[in-house]
Amino acid sequence: MPELRSGARRSKRLGDLQPGPLPVDQGENWVQPPAQNRTRRRGGSGRGRGRGGNATAVGKGPSPVVPPRRTAAGRGRGARVVDLDPEPCDVLPEPVALGAPEPVNNNVEVVANNNIVMEGGSGDKAVAAEEEASTTPVPDRVQVGGSPVYKIERKLGKGGFGQVYVGRRISGGSDRTGPDAIEVALKLEHRNSKGCNYGPPYEWQVYNTLNGCYGIPGVHYKGRQGDFYILVMDILGPSLWDVWNSLGQSMSPNMVACIAVEAISILEKLHLKGFVHGDVKPENFLLGQPGTADDKKLYLIDLGLASRWKDASSGQHVDYDQRPDIFRGTIRYASVHAHLGRTGSRRDDLESLAYTLIFLIKGRLPWQGYQGDNKSFLVCKKKMGTSAELMCCFCPAPFKQFLEAVTNMRFDEEPNYSKLISLFDSLIEPCTPLRPIRIDGALKVGQKRGRMLINLEEDEQPKKKVRLGSPAMQWISVYNARRPMKQRYHYNVADTRLRQHVDKGIEDGLYISCVASSGNLWALIMDAGTGFSSQVYELSAAFLHKDWIMEQWEKNFYISSIAGAVNGSSLVVMSKGTPYTQQSYKVSESFPFKWINKKWKEGFHVTSMTTAGNRWGVVMSRNAGYSDQVVELDFLYPSEGIHRRWESGYRITSMAATSDQAAFILSIPKRKLLDETQETLRTSAFPSTHVKEKWSKNLYIASICYGRTVC
């Protein structure tokens, strides 16, 4: 059987043997497979068994059981989650209804080519930025919303949401800025562009709310003329990018410190209005017009990617979510949360500002130079893998302190703007006229800021970090509360001894509930609470052997657990007695969120997941017993995301990890147990000792995997 990564496959509908080729990754392949025998091999190593609340475990096999160092755990009961220490993950989970309906048509979706989750193009500006929807020429003259008539002159620039031109007043005018300015900036956006599908650009709504906000240029007129929506604004001076280039691509610490305190002040005022900018970078900070009183004043422009962090009606923080297929911003400066598709909040603007400041002072960021369709993936991985010490080497200490502070903020945390500004006090030129950038915003709140800092230093308590620890490869195990039952585990099992353990378990009334792999050895959990009536499995050199799976589907078996090894082989377990009525699976070179999202809309839910090297295998089923499902995907362990999902009633139901990423599927069950406790544990070695402790509390392994996390 060839590897699944080979070219396009021909598909056949069950019961209809006429071939119908489809391009790979463009449709589901309905397959009628040839008969294929199961293969079973023997193997062996660590083993444990237990029953009920006072279960004991007996280790057998040639390899002694070495108690692993516990690195993370957590627990919660009832409606709340108790966070005991920086590592724990703890909560209240849920059951899946059992039943055994007859199968409908099952489908296999095989992906042979790369399907990169976070696509980044060759340029820095990614998603949310589009090419002009039309080649319609811009008008020669503009008059909108009661404005004077302007003649369009030279082009100032082009962004993702429109083009900007200089407009010169045909008659009248006496000022350099304001509604009576002789020259203005005209921002034109075509009516057919994506941002104008439902009328005026969204940016107009933002400007309506923010007009007069400190550091945001004012809009004097706006309206539609012909095919274009037009904003009339003040012309400003050079961007920080332009200034950086003019200074030999390097800025002094004093200048960057001034930029830092003024930028923080501008963002604070913007955030107070309930918005986050979403695209903080050197190109979007402009100075005032040269030769005017504001030529050293800093402005923040381009609100096309701005979004609300605070609900306009309720005043509450918007809800947390993650959509790994959505990226908004500029790859070089975006926060890691933006790369991962998480809902934007105040912390993201500040993280982007940190990267902007480091770029201006050092002239380069560690992730510059990546190219290709997976650029965003590689940049995000590099950002999360680069320490603040390395990032800020040769920078004054305040820049490192600022980066550490903003990258460890929680999703809904209110930034301590005053404290962040105070970090740079020692670098600011004391003589006001000599400062290269005005810091009016910071100075206006100086006395108040001093009082706030004193109070904060007295009251502030150490807080749990969001992005903590160093990357590591560990076992991640999830435990659910169950009625007392018999459960057994085996780990470090070689291929040749696998059958021995499975046969013995079935003889004792146990079925495989989950499987995993570390290196090229297997771990399997068997218990008496699966509800299965029959079970088969296959070890295959191919990752998720399609022909064998199709054969078992025809016999009314459904995939109940899967595992992949580093060498590309896989262990697939299929059972009777599941509630599923239809299944589909996908193999991809990256986490296939777009496919998962599509299947969600078709009534499927993720029921199994695994990896082999950097390849992902995801199984989705109909009638899985869930009312809703979400994904948490991260280059480290997504502790904050998991806790937030737990608080909303979700419980981990599937997980898998590569050496780069960890993915967790969290679901809301249709039926809830009285005891919804769920705990997670991260350990360097297989958690045999911890499993026994959990059994004594009637907590049983529900899922396990080996891969990327933090220690």
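Reader: Which residue lies over the face of Tyr299?

Author: Lys297 does. This is a predicted model, and in it Lys297 sits 5.5 Å from the ring centre of Tyr299.

Reader: And what lies over the face of Tyr479?

Author: That is Lys694, at 5.5 Å from the ring centre.

Reader: Switching to ring pairs. How many aromatic pairs are there?

Author: The count comes to 21 aromatic pairs. One of them joins Phe399 and Phe424.

Reader: Is that pair stacked or edge-to-face?

Author: Edge-to-face. The centres of Phe399 and Phe424 are 5.3 Å apart, with 65° between the planes.

Reader: Where do Phe399 and Phe424 lie?

Author: Phe399 is in helix α8, residues 397-407. Phe424 is in the loop between α9 (417-422) and α10 (440-444). The two are 25 residues apart in sequence, so their pair ties those parts together.

Reader: Buried or exposed, Phe399 and Phe424?

Author: Both are buried.

Reader: What about Tyr637 and Phe664, how are their rings set?

Author: Their planes are at 90° and their centres 5.5 Å apart, so this pair is edge-to-face.

Reader: Which parts does that pair tie together?

Author: Tyr637 lies in the loop between β25 (626-634) and α15 (639-647). Phe664 belongs to strand β27, residues 662-669. The pair therefore links parts 27 residues apart in sequence.

Reader: Are Tyr637 and Phe664 buried or exposed?

Author: Tyr637 is buried, and Phe664 is too.

Reader: Last one. Which residues do ring pairs link into a cluster?

Author: Trp475, Tyr489, Tyr491, Phe686, Trp695 and Tyr706.

Note on methods: Residues are numbered from 1 along each chain as its sequence is written. This is a predicted model: local features need pLDDT of at least 70, side-chain atom pairs count only at pLDDT 80 or more; totals for chains, interfaces and linings use all residues. Side-chain values use heavy atoms; hydrogens and water are left out. Rings of Phe, Tyr and Trp (its six-membered ring) pair if their centres lie within 6.5 Å; planes under 30 degrees apart count as stacked, over 60 as edge-to-face and the rest as tilted. Helices (H or I, at least four residues) and strands (E, at least two) are DSSP runs, numbered from the N terminus. Buried means under 20% relative accessible area, exposed over 50%, partly exposed in between (1.4 Å probe, protein chains only). A charge sits over a ring if NZ of Lys or CZ of Arg is within 6 Å of the ring centre and within 35 degrees of the ring normal.
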